[in-house]
Amino acid sequence: MTQPQKATEFSQSIRGAVAPLLQVAGLAKSYGARIGCTDVSFDLFPGEVLGIVGESGSGKSTLLSCLAGHQRPDQGQILYDGQDVLAMAETERRRLSRTDWAFVHQNPRDGLRMGVSAGANVGERLMAIGARHYGDIRAQATDWLGRVEIDANRIDDRPAAFSGGMQQRLQIARNLVTAPRLVFMDEPTGGLDVSVQARLLDLMRGLVRDMGLSVVIVTHDLAVVRLLAHRLMVMKSGRVVEQGLTDQVLDDPQHAYTQLLVSSVLQV
């Protein structure tokens, strides 16, 4: 069975069996006269990966920022596990961001504390949810460094001593140590060498599968969504122009813009 066939069967099976984890309806954000994103609606199910693609300025990063709570949309609704996120108190949204949610930045330096050790970066998120036993925290940090293929001997090294790929893996460990249910990823392989990208993608795919994560991933790289995403949304000028199962959208694009994106990759 091919990867696209597996993705198709997976999406069909989970959508028929459980309620959505994330429900988005009519989301819109503008900056004066400029549209960031508008009229965006979708459901995300437990264990499902949604890819959002489009050229620079398409609105995909604005959408992700609104979903993750970094910006407040002008209109629309975001339900997480049935709860109205936009109606939550700020303290409750912060709690979500420390527990059930995680955000992986394109530049790992934006998601790490560069002045403390690798182990402390991972341990801080555990402490944010109440962990206090130093030995347990260090043991979990060591375990997670191993999961993201960072030698345990480097637990006391600072992130500045790591390569870009290692920093990104450390950021992933920092985010996933608390076993979140929903992960937002903003161009997680951007700026990395091709060989490093391949290794990171393989790692991410394994973690998503093993932990049953729901993921919203923004990228300009169709190869990334081909490998990771069950479903795909294509954005242009702040609007969703096409969405569906990833293999179907990429193999048989219906919108002219999607056709252009796919053909530009094939011509490279």
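This report walks through a hairpin, a pocket and some aromatic contacts in a predicted model.

Residues are numbered from 1 along each chain as its sequence is written, and side-chain values use heavy atoms, with hydrogens and water left out. Because the model is predicted, local features need pLDDT of at least 70 and side-chain atom pairs count only at pLDDT 80 or more, while totals for chains, interfaces and linings use all residues.

Let's begin with strand 1 (residues 22-31) and strand 2 (residues 34-44), which run antiparallel and are joined by 7 bridges. The hairpin leaves 2 residues between the strands, and Gly 32 in the turn has a positive phi of about 70°.

**The pocket.** The largest pocket holds about 560 Å³ of space. (On a 1 Å grid over the protein atoms alone, a pocket is an open set of points where a 1.4 Å probe fits, with protein on both sides within 12 Å along at least five of seven lines; lining residues have an atom within 4 Å of a point.) Its lining has 26 residues, with Ala 68, His 70, Ser 97, Arg 98 and Phe 103 nearest the centre. Helix 3 gives the most, at 5 residues; helix 2 (60-67), strand 6 (101-104), helix 4 (118-128) and helix 6 (164-176) are among the elements that each supply at least two.

(Rings of Phe, Tyr and Trp, the last by its six-membered ring, pair if their centres lie within 6.5 Å; planes over 60 degrees apart count as edge-to-face.)

| Pair | Centre to centre | Between planes | Type |
|---|---|---|---|
| Tyr 80 and Trp 101 | 5.6 Å | 90° | edge-to-face |
| Trp 101 and Phe 184 | 5.4 Å | 80° | edge-to-face |

Tyr 80 lies in strand 4 (residues 75-80) and Trp 101 in strand 6, so their pair ties together parts 21 residues apart in sequence. Phe 184 is in strand 7 (residues 182-186), so its pair with Trp 101 links parts 83 residues apart in sequence. Together, Tyr 80, Trp 101 and Phe 184 make one aromatic cluster.

Methods
Pairing = 2+ DSSP bridges. Helix = DSSP H or I, 4+ residues; strand = E, 2+ residues; numbered from the N terminus. Points joined across faces, edges and corners; volume = space filled by probe spheres on them. Phe/Tyr/Trp six-rings, centres within 6.5 Å; stacked < 30°, edge-to-face > 60°.
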